[in-house]
Amino acid sequence: MAAERIRCDAAGAAAAAARVRALVPPGASVAEPVAAILADVRARGDAAVLELERRFGGGDGPLRVPAAELEAAAAALDEDLRGGLETAIANVGAVAAAGLGDDRAVDLEQGQRVTVREVPVRRAAVYAPGGRNPYPSSVVMGAVTARVAGVEEVVVVAPPHPVILGAAALCGIEEVYRMGGAQAVGALAYGTASVPRVDVIVGPGSLWVQEAKRQVADAVGIDGFAGPSDLTLIVSGEADLEPLALDLLAQAEHGEGSLVVAVSDDASVLDTLAPRLGDTPGPAVLVEVADLDAALAFAEALAPEHLQLAGADAEALAPRVRSAGCLFVGAASGTAFGDYVAGSNHVLPTDGAARFASGLSVRHFRRTMHEVRVGAAAGALARAGVPIAEAEGFAGHAASMQIRENPAP
């Protein structure tokens, strides 16, 4: 199917972005069958998970992978693959660590102190999807970030593929469960005899997995709803187009729902890219804009998962970008590097969620908690707070503050 070609200016950028986003077919609703699976797991625990694994996952036997099997899988990894994973682990860890913050104390005018503390959750799970191939990179992105965040117990849930198990072992993960699908999410959220419940679940997965995460979000933290992947490329005429065409094709490998978009103010650039995008499995769009300001307006309205800027004029837009899951600047900055070894995280907001959501980071595994020490400020704060409580009809709140207004000597 040939790439669709549209034109837009800055005024029409939002409408053009909506038109492009609509090309991605909506996923079928699996809400009811997922709800039934979660209810079964919640009621029957391990028995339900094992039954569903035999039916859908093809697995059998104990859910937890023994330590000896993890160690053997790591030892058996191909040397080059092991080296690549070790590079990814080091780089993702270094970037994740940059997101950690120290406790911050604020001394306020009335004399009280409020300390903003960051505390990690105790248990977190990383879901690594199965399907046609193993995804050790998803293990790295989730597990390394959770470890750096200070999570005490990090769990990996995945099909028992040796490469997945080896990657988990390299990340220092000792608790791995061979299960998948909505039943795995249910076991993690509610707990079973074999699978202690967790506080946070992160990672990509099928529509069933994502729907399950959405349904358990009242019981456990999640990173978000991961839909089909997408890449928007803004390119100015001086850029080398051959590697950029490969970037678009690489992103299209994610499947039929993957959206790839090339944007330029130079029609000849789009003419060159058009034949290369004729065989993508998902929607491909060429957007001819009046100028690069219009290109930026289109990208901001689309809020892509990946935004790539190539060519000096396009790269100059980088400081103005606000709505992208991850920004890749420069012709050498292929998005595939971000999927594996650049150090950025590849678990990113999709379907335009980059307007308000962030890629996976230590923040997903840490909570902000305020520590309050009022002390001698009680009188001043009571005089300010009591009228508010009374206006809201909360006499108990008012009394609680008022009794501290004039403490006994």
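**Close-up 1. The open sheet of the predicted model.** Six strands, written as 6 strands in the order β1-β11-β10-β9-β12-β13, form an open sheet with parallel pairing; two strands pair if DSSP finds at least two bridges between them. Strands (E, at least two residues) and helices (H or I, at least four) are DSSP runs numbered from the N terminus. β1 and β13 (326-329) are the edge strands, each pairing on one side only. From one strand to the next, the twist averages 20°; axes are lines fitted to C-alpha atoms, for helices over the stretch in contact, and angles run from 0 to 180 degrees between N-to-C directions. This is a predicted model, in which local features need pLDDT of at least 70, side-chain atom pairs count only at pLDDT 80 or more, and totals for chains, interfaces and linings use all residues. Residues are numbered from 1 along each chain as its sequence is written, and side-chain values use heavy atoms, with hydrogens and water left out.

**Close-up 2. Pairing of β10 with β11.** The parallel strands β10 and β11 are joined by 5 bridges. Valine 263 stands opposite valine 287 of β11.

**Close-up 3. Helices on the sheet.** Helix α1 packs on the sheet and touches β1, β9, β10 and β11 (contact: heavy atoms within 4.5 Å). The direction of α1 makes about 165° with that of β1. α12 lies across β1, β9, β10, β11 and β12 (306-310), at about 170° to β9.

Close-up 4. In α1 (residues 13-21), Ala13, Ala16, Ala17, Val20 and Arg21 are buried (under 20% relative accessible area; exposed is over 50%; 1.4 Å probe, protein chains only). These residues lie on the same side of α1 because they cover an arc of only 135° around the axis, taken from the directions from the helix axis to the C-beta atoms. Ala14 and Ala15, on the other side, are exposed.
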